[in-house]
Amino acid sequence: MSSKRVLVTGGAGFIGSHLCEKLLAQGNDVICVDNLFTGQKNNIRHLMSNDYFEFIRHDIIESLYVECDQIYNLACPASPIHYQYDPIKTSKANFMGALNTLGLAKRCHARILQASTSEVYGDPEVHPQPESYRGCVNTIGIRSCYDEGKRIAETVFFDYHRQHGVDIKVVRIFNTYGPRMRPDDGRVVSNFIVQALRGQDITIYGDGTQTRSFCFVSDLVEGIIRMMNSRDDFTGPVNLGNPGEFTMLELAELVLKLTGSNSKIVYMPLPQDDPTQRKPVIELAKKELDWAPTIKLEDGLKETIEYFRRTIDV
C-alpha cells in the first residue's frame, strides 16, 4: 500500500488516536484534527515527535483547508454524557461536520469515510441488526442529537456521492472499548471498570437483561482501515462490531471477576430511549472486507482494566 496523506477528524479521541497510530505505522502522513472537547492530548502525545504526524486544534463545524488523499471523519462526542451536554453542538458537529469534510473531499478529490454508528438503528425492533434495517429512532428524545445527527450525516454523504461523485465509505460502529477510553464518559465498560477498581457500587441501569456487543478497539480500527481501502464501488454502509452478545449483568460479573473487586451490584432506572438490544450482523464486512473481530471480551477487558489501573486514582 502506497503512502498517503491522511486526515483524521476527531483524531485525539479514543478511537481516533488508535487509528492515527495504525495509519502512521503503515507509513502514511497523518493530519490529526480535534477541538479537544472530548479528545485528549495525552492520547496522541506519544505521536507528536513523529515527523509524519501533525496535530491541528480545530472544530469541524468551521471549514478546514488542508491537502489530503483520504479523510476519516470521526469528529463527534460519542458517549451520552458528552453528546447530551450540548445537544445543539452535537447536531452541528454531525451535520455541518459532514458538510465541511465532504466539501474538502470534493475539492481534494479525496476518498472520505464517515464513522457512523449502531445508534442509527435506535431501539431496534429487528434483532440482530443488518445494514438493511432502517431503525426505530425517536426524533425528539434526549439521544436524538446523536442518533439523528449520524443519520443525517449518512444522508449527506450519499447525496454528495450521487450529486458530486465524491468517493465515500460509511461504517456503522457498534460498542467499542479498550485503552484510552475516558473514565468519565459514562459508557458501560468504563463505568463498570472504574467503579470496580475504586470499590464503588457497580450501577446497572435497568434489570441487567439488556444486551450489548463489545468490539475491542484494535479490531475496530482494522475494520475501518479495510473499509477505507476497499473496492471503489463498495460504499457501505457496513456494520463493524463484535457479534458476541452479553447482558449488562454478565458484563458486570466478568469485570468483578477480572478486577478482584468486592464492589456490589446495584440497579438504577433505565435512561430514556436506552436500547434494550444491540448486536450487529457482520456478514457484509466478512464478505467485502474479509474482516471479523478476533479479540475475546475477557482478553480485551484485561487490557482495558490494566490501562485504567495505570491512569486513574483508586
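In what order do the seven strands of the open sheet stand, and is their pairing parallel or antiparallel? The order is 3-2-1-4-5-6-11, and the pairing is parallel. Strands here are DSSP runs of E with at least two residues, helices are runs of H or I with at least four, and both are numbered from the N terminus. Two strands pair if DSSP finds at least two bridges between them. This is a predicted model, where local features need pLDDT of at least 70 and side-chain atom pairs count only at pLDDT 80 or more, while totals for chains, interfaces and linings use all residues. Residues are numbered from 1 along each chain as its sequence is written, and side-chain values use heavy atoms, with hydrogens and water left out.

Strand 3 and strand 11 (238–240) stand at the edges with a single partner strand each, so one side of each has no neighbour in the sheet. From one strand to the next, the twist averages 20°. Strand 4 (residues 70–73) and strand 5 (residues 111–117) run parallel and are joined by four bridges; Tyr 72, for instance, has Leu 113 in strand 5 as its bridge partner.

Now for the helices on the sheet. Helix 1 (residues 14–25) packs there, touching strand 1 (5–9), strand 2, strand 3 and strand 4, and its direction makes about 170° with that of strand 1. Contact means heavy atoms within 4.5 Å, and the angles, from 0 to 180 degrees, are taken between N-to-C directions of lines fitted to C-alpha atoms, for helices over the stretch in contact. Helix 4 lies across strand 4, strand 5 and strand 6 (168–173), at about 155° to strand 5.

Helix 1 is mostly covered, with nine of its twelve residues buried. Buried means under 20% relative accessible area, exposed means over 50%, and partly exposed is in between (1.4 Å probe, protein chains only). Among the buried residues of helix 1 are Phe 14, His 18 and Leu 19. The buried residues of this helix pack against strand 1, strand 2, strand 3, strand 4, strand 7 (176–177) and helix 6. Just after helix 1 comes Gly 27, with a positive phi of about 95°.

Helix 6 (residues 217–228) is largely enclosed by the rest of the structure, because nine of its twelve residues are buried. Ile 224 is one of them. Ile 224 also turns up, with Leu 19, Tyr 72, Val 189, Leu 251 and Leu 301, among the residues that touch the most other members of the largest nonpolar core, which has 62 residues. Such a core is a set of buried Ala, Val, Leu, Ile, Met, Phe, Trp, Tyr and Cys residues joined through side-chain atoms within 4.5 Å. A second, separate core of 24 residues includes Ile 60 and Ala 153.

Finally, the aromatic rings. Rings of Phe, Tyr and Trp (its six-membered ring) pair if their centres lie within 6.5 Å; planes under 30 degrees apart count as stacked, over 60 as edge-to-face and the rest as tilted. The count by this rule is six aromatic pairs. Phe 37 and Tyr 85 make a tilted pair, because their ring centres are 6.0 Å apart and their planes sit at 35°. Phe 37 is partly exposed at 37% relative accessibility, whereas Tyr 85 is exposed at 65%. Tyr 83 and Tyr 146 have ring centres 4.4 Å apart and planes at 5°, so this pair is stacked. Both Tyr 83 and Tyr 146 are buried.
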